[in-house]
Amino acid sequence: MVSAAPLTALAAEPATTPKLPAQQVGKNADVIAEAQAHRLFMQRFVQFINTADVRLASELVSPKAIFYVPGRAEPMNGPAGYLEIIHMMRSGFPDIQWTLEETVAEGDKVVARFTMRGTHQGTFFGVPATGKKIAVQALNIYRFSAGQIIEERGQPDLLDLLRQIGAVPM
């Protein structure tokens, strides 16, 4: 039988937190503030990709931005390029919506995990409409400068998407 005394003694000891130098505390506060700013930015970005709002595109995406898109030999560029990506997705899934599941920020980069949901109502990657609903994960890496996205490397789970619309056997 185990005695409760050692547990009580452990619980009674005050927890200690290592003290950080004031300079480090300031840096940590800056990092936290920057991460919060990135989260707020990404929430506006989700509003943009869910609406294809041209005004938001110009506000959030640099004219010099480069987007690396799976299945394309050349990257897309600027707000018009990103709108083209959205329209490509909407041609197959007119009701597609993205949900931001989580973000990780470091320096000028944000990694975002999304879930894309929609109904396959148009041809997508050569597959005619099936009427099937999809829920697909995407993991994208964004780079920022001057408050705008300047680069994205998008990695949607296309294999799972194609499986869900019946283009690839399970």
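In which sense do strand 1 and strand 6 pair, and over how many bridges?

Mentor: This is a predicted model, in which local features need pLDDT of at least 70 and side-chain atom pairs count only at pLDDT 80 or more, while totals for chains, interfaces and linings use all residues. Residues are numbered from 1 along each chain as its sequence is written, and side-chain values use heavy atoms, leaving out hydrogens and water. Strand 1 and strand 6 (residues 148-156) pair in the parallel sense, over four bridges; helices (H or I, at least four residues) and strands (E, at least two) are DSSP runs numbered from the N terminus, and two strands pair if DSSP finds at least two bridges between them. Opposite F67 stands E152 of strand 6. Helix 4 packs on the sheet and touches strands 1, 2, 3, 4, 5 and 6, its direction making about 50° with that of strand 1. Contact means heavy atoms within 4.5 Å; axes are lines fitted to C-alpha atoms, for helices over the stretch in contact, with angles from 0 to 180 degrees between N-to-C directions.

The sheet as a whole is open, with six strands in the order 2-1-6-5-4-3 and mixed pairing. Its edges are strand 2 (76-77) and strand 3 (97-106), each of which pairs on one side only.

As for side chains, L161 touches M89, F93, M116, F124, I134 and V136, not counting residues up to four places away in sequence. N50, in helix 2, is in contact with R90, I96, Q97 and W98, leaving aside neighbours within four places in sequence.
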